[in-house]
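Me: I have a structure to go through with you. Here it is.
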Amino acid sequence: GQLALGLYTTNPEAPRSNRGGQGTVCGHDECWLAEVLDSSGSATGIESTASGFSINQLMPNARLVELNDAYRLATKRNDRPSMQNHLVFAFELAERPAAVSDLVLTGPLG
């Protein structure tokens, strides 16, 4: 069957921490849920969770980039189950950094 990837997110209104040791499914304040839906959009019961991360400063914009077939091949994008995948994200910082340095992006493993 045909597969699709969807990310439903909201940009938080204020910075926030992600404390561990919480009584949530991932053990932190912020949890990410990934679940498999059938073609009708109903849950199949296959799901996984990962802890999120702290939001130190808000970004005006962030998104998963839609790719055409040529870019999918060039970036090794592969949305098939159990396959390694390379996603392309775009984002805008709220302000220019004070100094030139390496940009380190951090997100949940998994």
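Me: What share of the contacts with a separation of 6 or more comes from residues 24 or more positions apart?
Reply: Such pairs account for 47% of those contacts in the protein, a contact being heavy atoms within 4.5 Å. This is a predicted model, in which local features need pLDDT of at least 70, side-chain atom pairs count only at pLDDT 80 or more, and totals for chains, interfaces and linings use all residues. Residues are numbered from 1 along each chain as its sequence is written, and side-chain values use heavy atoms, with hydrogens and water left out.

Me: In what order do the elements run from the N terminus?
Reply: The order is β-β-β-α-β, with helices (H or I, at least four residues) and strands (E, at least two) taken as DSSP runs numbered from the N terminus.

Me: Where is N18, and is N18 buried or exposed?
Reply: N18 lies in the segment before β1 (31–37). Its relative accessible area is 12%, so N18 is buried (under 20%; exposed is over 50%, partly exposed in between, with a 1.4 Å probe and protein chains only).

Me: Which residues does N18 touch?
Reply: Leaving out residues up to four places away in sequence, N18 touches H28, D29, E30, S51, G52, F53 and S54. A polar atom of the N18 side chain lies 3.0 Å from the backbone oxygen of G52.

Me: Changing topic: how much of the protein is buried?
Reply: Buried residues are 9% of the 110 residues.

Me: And L105, buried or exposed?
Reply: L105 is exposed, because its relative accessible area is 61%. L105 is located in the segment after β4 (89–92).

How values were computed. A polar contact is a pair of N or O atoms within 3.5 Å; within protein, one must be able to donate a hydrogen and the other to accept it, and residues adjacent in sequence count only if both atoms are side-chain atoms.
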